Amino acid sequence: MKLSNEDAKLFYELFFPLLDYVNREYHILPEEDYFGQGMIDPQDAAEVAHFLWERTWIIDDYLERSDLPEEHMEILKSWKGCITGRFIIERHLKKGSVFISIDDNSVFL
């Protein structure tokens, strides 16, 4: 499924404050509030995100301390069901992209 510009904007509006929270609480990068500063090093974002995806319960802690609208909280809760690993993009379809897991050959859309 292709994200609209509004969906992509919302993703980053939710994702970067979450990464900042993770970084502040667990001191992964030396700066606090790193992800609100504009230019973001993708490697830094990946490092904090990797830490988060291995500990998705952190999302619950974040939500307990936030005053987000219920709709945004539901989106963040859904991220706890993420599937991590390494994937190959097999092809792009109108309905979305086909991903194949390098680890076990599972296929995802």
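Residues are termed buried below a threshold of under 20% relative accessible area and exposed at over 50%. The structure described here is a predicted model. In this model, the face of α3 directed away from the buried side of the helix bears E64 and R65, both exposed.

The buried residues of α3 are I58, I59, Y62 and L63. Viewed along the helix axis, these residues fall within an arc of 140°, and they therefore line one face of α3. Such an arrangement follows from helical geometry: with 3.6 residues a turn, positions three or four places apart in an α-helix point the same way. The packing partners of the buried residues of α3 are α1, α2 and α4.

The largest nonpolar core comprises 23 residues, and L18, V22 and L76 have the most contacts inside it. Two or more residues of this core are supplied by each of α1 (5-26), α2, α3 and α4 (70-78). The largest share, seven residues, is contributed by α1. When residues up to four places away in sequence are not counted, L18 touches L52, I59, Y62, L76 and W79.

The loop between α2 (42-53) and α3 (58-65) contains T56. The relative accessible area of T56 is 18%, and this residue is classed as buried because the value is under 20%. Beyond its neighbours within four places in sequence, T56 is in contact with W79, K80 and C82. W79 is also among the residues touched by L18.

Positive phi values were found at two residues other than glycine, H27 and N105. H27 is situated in the loop between α1 and α2, and its phi is near 55°. The relative accessibility of H27 is 59%, so this residue counts as exposed, the cut-off being over 50%. The C-alpha atoms of H27 and V48 are separated by 9.4 Å in space, while the two residues are 21 residues apart in sequence.

N105 occupies the loop between β2 (96-101) and β3 (107-108). Phi of N105 is near 65°. With a relative accessibility of 59%, N105 likewise counts as exposed.

Note on methods: Residues are numbered from 1 along each chain as its sequence is written. This is a predicted model: local features need pLDDT of at least 70, side-chain atom pairs count only at pLDDT 80 or more; totals for chains, interfaces and linings use all residues. Side-chain values use heavy atoms; hydrogens and water are left out. Helices (H or I, at least four residues) and strands (E, at least two) are DSSP runs, numbered from the N terminus. Buried means under 20% relative accessible area, exposed over 50%, partly exposed in between (1.4 Å probe, protein chains only). Contact means heavy atoms within 4.5 Å. A nonpolar core is a set of buried Ala, Val, Leu, Ile, Met, Phe, Trp, Tyr and Cys residues joined through side-chain atoms within 4.5 Å. The arc is that of the directions from the helix axis to the C-beta atoms.
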